[in-house]
Amino acid sequence: MSEQIYLSNLARGRTVKYVRVKILSLWRVRIYGFRCKTEMLLADEQGTKIEGTIGCGPFHNVDMRELREDAWYTISDFVVSVPIRRTPNTLHPFHIKFHSDTKMTLIYNLYSLNFFVFAKYSVTKRRLLEANRPFDLCGVVVYVSEIKRMTYVPGEYDASTACNYLYFRLMDQKGRELPCFALGHYAADFMNMWTSRGYQASFRYQPVFCVLRFWKVDEFMGEPSISTRIGCSKIYLEPTLPEIKDLRMMSVFIARVTWAIEEGEDCDDAGEVVDQNV
């Protein structure tokens, strides 16, 4: 096998070296007609993230049916180019592009880490994050609206759900709330996950911990908010990932105490209730 290289050491041009990466997000983009390309957000063992694109093909050494999120792969013999987006999804100066001889092979899991980088609510509200640059956020869901439709005419290849949106609010570990908007198919994705658990809009029987992956800073009616970014965004309700256990416990505890204070109840047993639900 050729020599391994880390994402942080990539140089522009074609390389026969290989990288070991985890697919953090995977989505397909329709180019025209029925032709699609595959976009990915990747991370290596050092936590460095980069975007990758698999065009329409043909590709001799890539089994598209085998590609899945949260799995590790080796990628060898590929092209390193400048980012193809005006606003890339990562801070990496380069982009991985596949050509006909690029090889991508599934390997055993190296790490269970998901390489989250959580933004602070205060930073998000003051718009100190770079516009359209995706980031991660977590908290407790305190309100969920019905799915609504924007005044928007879908394009020829847009899905009928392209103008849908769903509004909800997250509370952080300091009791601060942030407006969130799930756009397009993400609105239905969120609502399906929410209702499948038997939850309603104002659900306060127990705090529902939520992780938003690869969302972006936005604005709604003059108020700072966050929204989904086409393709790469992810929504996790009640995730049990070990790396965010402490954040989940703190978020649930603060939500219970905040609600108890608002309703004038005794919150001495809040910590005990959290332990029962983690």
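**Side-chain contacts and a nonpolar surface patch**

Tyrosine 111 sits in the loop that runs between strand E6 (103-107) and helix H1 (121-125). The model discussed here is predicted. With a relative accessible area of 41%, tyrosine 111 is partly exposed. Together with Leu110 and Leu113, Tyr111 makes a nonpolar surface patch of about 250 Å².

Charged contacts come next. Side chains of opposite charge can pair when their charged atoms come close. In this model, 9 salt bridges are found. One of them joins arginine 14 to aspartate 77, with 2.9 Å between the closest N and O atoms. Arginine 14 belongs to strand E1 (residues 13-32) and aspartate 77 to strand E4 (residues 72-81), so this pair ties together parts that are 63 residues apart in sequence. The two partners can be told apart by their accessibility: arginine 14 counts as exposed because its relative accessibility is 54%, whereas aspartate 77, at 15% relative accessible area, is buried.

A salt bridge also brings together the side chains of arginine 169 and glutamate 177, at 2.8 Å from N to O. Arginine 169 has a relative accessibility of 25% and therefore counts as partly exposed; glutamate 177 is likewise partly exposed, at 25%. Glutamate 238 and arginine 248 provide a further example, their side chains meeting in a salt bridge of 3.2 Å, N to O. This pair links distant parts of the chain, 10 residues apart: glutamate 238 is in the loop between strand E13 (234-237) and helix H3 (245-262), while arginine 248 is in helix H3. Both glutamate 238 and arginine 248 are buried.

Turning to the rings, the structure holds 10 aromatic pairs. Among them is the tilted pair of tyrosine 167 and phenylalanine 181, whose centres are 5.1 Å apart and whose planes make an angle of 40°. Since tyrosine 167 lies in strand E9 (residues 164-171) and phenylalanine 181 in strand E10 (residues 177-183), the pair ties together parts 14 residues apart in sequence. Phenylalanine 181 counts as buried because its relative accessibility is 6%.

The pair formed by tryptophan 194 and tyrosine 199 has ring centres 4.9 Å apart and planes at 65°, so it is edge-to-face; the cut-off for that class is an angle over 60 degrees. Tryptophan 194 and tyrosine 199 are both buried. These two residues also belong to a cluster, in which ring pairs link Trp194 and Tyr199 with Phe168, Phe190 and Trp215.

Technical notes:
Residues are numbered from 1 along each chain as its sequence is written. This is a predicted model: local features need pLDDT of at least 70, side-chain atom pairs count only at pLDDT 80 or more; totals for chains, interfaces and linings use all residues. Side-chain values use heavy atoms; hydrogens and water are left out. Patches are made of residues with over 30% relative accessible area and no salt bridge: like charges are joined within 9 Å, nonpolar side chains (Val, Leu, Ile, Met, Phe, Trp, Tyr) within 5 Å. Accessible areas come from the Shrake-Rupley method with a 1.4 Å probe; for residues, only the protein chains shown count as cover. A salt bridge is a side-chain nitrogen of Lys or Arg within 4 Å of a carboxyl oxygen of Asp or Glu. Helices (H or I, at least four residues) and strands (E, at least two) are DSSP runs, numbered from the N terminus. Buried means under 20% relative accessible area, exposed over 50%, partly exposed in between (1.4 Å probe, protein chains only). Rings of Phe, Tyr and Trp (its six-membered ring) pair if their centres lie within 6.5 Å; planes under 30 degrees apart count as stacked, over 60 as edge-to-face and the rest as tilted.
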